[in-house]
Amino acid sequence: MEFLLDFLGTDYIALFIIIGIGIFLGGIKIKGVSFDSSAVIFVAIFYGYWLNIQGVEFELPEIIQKIGLLLFIFTIGMQAGPSFFEVFKSQGAKLIILAVLSVVIGTITTALLSVGFDVDYKISVGLLTGALTSTPGLAAAIEASNSPLASIGYGIAYPFGVIGVILFVKLSPKLFGAKISKEEENYIREAQSKIPEVTNRNFEITNDNIEGRTIKDLDIRMMTKANISRIMSPNTMSVAPTAEAILHKGDVVKAVGTEEALKRVEVLLGHSTDVEIPASGLMEVKWYVVSRRNLVNKSLKELNVKRNFKATVTRVRRAGIDLSARPTLKLRYGDRLLISSSKGNVAALSHILGDSMKEVETTSFLPVALGCVVGLLLGAIEIPLPGGSSFSLGITGGVLIAALVLSRIGKTGPIIWNLPVVGNQILRQFGLLLFLTPVGLAAGSKIAPTINEYGLNLFGIGAIITLVPMIIVVIIGRLFFKVNFLSLLGALTGGMTSTPGLTAVDSMTSTEGPQVAYATVYPFALVMIIICAQILGSL
């Protein structure tokens with residue numbers, strides 16, 4: 001037995017045992033619900049508790065927890081940054097207000113229950129982050145409170161935080177009298193008007209005023225907001241358009257743009273046609289990847305492939321979304337451009353753009369290292385407050401803000417502030433595991449005395465913190481903001497940072513409404529939870 005305790009009490013052995021068992025248990029699904037990586041903290045708590053009752057005093061080096069925290073928070077900020085500052089323009093403020101409101105209501109509820117039941121704030125802040133299923137919030141809480149009690153509260157409230165959100169979103173349509181089919185119809189109608197799809201159509205030139213004029217003379221891009229990607233004259237093969245290309249009556253052109261843009265093309269040039277434009281063998285339409293660092297933050301106008309290569313960028317794909325190829329659109333590392341050009345210019349275009357998926361998908365640790373340093377410096381700045389006290393962002397807040405801002409900037413000198421999706425996921429998972437393991441071990445030795453002191457009250461408090469924000473937010477969103485119910489549920493799960501909750505909503509609809517709302521509000525909710533956890537944990 002002594003040999004076994006010595007073996008299990010060895011730091012690096014314990015680290016991998018806990019991570020291995022935690023990942024295995026986290027992958028088990030019960031009716032579609034699993035704890036994923038968060039199961040590691042429960043295994044670590046039990047591991048620490050068991051060693052404690054065996055009389056073994058054990059903890060992992062603090063540096064492991066710090067490194068895990070830095071990697072986890074930084075990768076979250078890098079993922080959220082590019083869209084974080086744009087959501088007000090694209091989605092509006094209502095969903096964000098509701099998500100932030102859910103965090104604020106949860107924090108106020110936590111504070112009131114803590115006073116009413118005389119619960120230590122170091123435990124309460126853990127209950128808040130567990131009820132909102134926010135591991136980054138737990139990281140901020142532990143840093144602010146400098147106590148393992150926060151992780152105990154997190155472990156107690158987390159299970160209902162997962163299950164409670166799923167049950168609520170499943171039952172809410174009946175509770176609030178919402179018909180999912182009707183909400184889907186409303187969402188599709190609204191989405192089509194706000195986010196028009198980029199498509200293409202062929203047109204026959206019938207306007208006499210077009211005869212003999214060039215694309216440059218007509219300024220088609222400015223007049224219609226569409227791009228001409230191909231031209232076919234009668235009895236000739238199709239060609240790639242250039243600014244000097246002369247249009248004639250009877251020509252067939254392919255235009256790429258939104259439905260509204262294509263309607264303007266029809267007014268300008270002539271009626272749409274089912275005539276196909278066959279490939280000529282002299283031109284090629286191909287996707288190119290932006291992997292040249294010197295192109296980051298340059299606009300399509302600056303790239304000027306039309307003049308330099310007699311080619312046309314017809315659309316841009318970023319993070320799986322097709323964007324209209326506006327001249328003012330600035331390129332980001334990893335963008336994919338659909339370009340129509342002569343075959344002779346394919347090699348030159350590949351060279352100027354880079355066109356290397358291997359380069360784009362290669363993870364460099366340089367932006368992570370430098371970004372963390374910037375975040376640590378930012379977090380160390382003391383901000384004076386009235387009364388002689390001061391406030392600092394700390395490790396969590398400083399690194400998160402640095403990652404958000406740097407990923408939005410995209411490039412500083414030779415440094416590309418970018419992490420490939422796969423690299424980001426691996427580093428984030430690795431950081432999360434390194435963070436949760438020592439946190440859970442430290443909590444394990446104190447969980448028994450804590451439950452003995454407070455009894456089952458903590459479980460009830462955690463459930464109330466989960467339910468109260470959801471009920472209030474749905475009432476406000478439904479009755480006052482008049483938000484589509486599917487988007488409302490997506491914003492709610494984003495505000496609760498509940499991926500299992502989002503999965504439950506997704507199973508109720510075939511539209512992307514909940515996903516869009518979740519992605520929109522999640523970064524704001526995440527930042528708010530971290531801020532509230534830091535404030536509550538420092539009391």
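In the predicted model, the second largest pocket holds about 860 Å³ of space. Its lining comprises 25 residues, of which D219, R221, N304, K306 and P327 lie closest to the centre of the pocket. By class, 13 of the lining residues are nonpolar, three are polar and nine are charged. At least two residues of this lining come from each of the helices α11 (215-218), α12 (220-224), α14 (300-303) and α15 (305-309), and the strands β3 (227-232) and β7 (312-318) contribute at least two residues each as well.

Helix α16 spans residues 346-353, and V346, L349, S350 and L353 are buried within it. Viewed down the axis of α16, these buried residues fall within an arc of 100°, and they therefore line one face of the helix. An α-helix has 3.6 residues a turn, so residues three or four places apart point the same way. On the other side of α16, A347 and H351 are exposed. The packing partners of the buried residues of α16 are the strands β6 (283-289) and β9 (336-342) together with the helices α14 and α15. Helices α14 and α15 also each supply at least two residues of the lining of the second largest pocket. After α16 comes G354, which has a positive phi near 100°.

With residues up to four places away in sequence left out, S151 touches I41, I45, L138, I142, V439 and A443. Y154 is likewise placed in α9. Because its relative accessible area is 0%, under the 20% cut-off, Y154 is buried. With residues up to four places away in sequence again excluded, Y154 touches S38, I41, G126, L127, T129, G130, S134, T135 and L138. The C-alpha atom of Y154 is separated by 7.3 Å from that of L128, a residue 26 positions apart from Y154 along the chain.

Cysteine residues were also considered. C372 has a relative accessibility of 8% and therefore counts as buried. C532 counts as buried too, because its relative accessibility is 10%. With a disulfide taken as a pair of cysteine sulfur atoms within 2.5 Å, the count of disulfides comes to zero.

Technical notes. Residues are numbered from 1 along each chain as its sequence is written. This is a predicted model: local features need pLDDT of at least 70, side-chain atom pairs count only at pLDDT 80 or more; totals for chains, interfaces and linings use all residues. Side-chain values use heavy atoms; hydrogens and water are left out. Buried means under 20% relative accessible area, exposed over 50%, partly exposed in between (1.4 Å probe, protein chains only). On a 1 Å grid over the protein atoms alone, a cavity is a set of points where a 1.4 Å probe fits but cannot get out, and a pocket is an open set with protein on both sides within 12 Å along at least five of seven lines; lining residues have an atom within 4 Å of a point. Grid points are joined across faces, edges and corners, and a volume is the space filled by probe spheres set on the points. Helices (H or I, at least four residues) and strands (E, at least two) are DSSP runs, numbered from the N terminus. Ala, Val, Leu, Ile, Met, Phe, Trp, Tyr, Cys and Pro count as nonpolar, Asp, Glu, Lys and Arg as charged, and the others, Gly among them, as polar. The arc is that of the directions from the helix axis to the C-beta atoms. Contact means heavy atoms within 4.5 Å.
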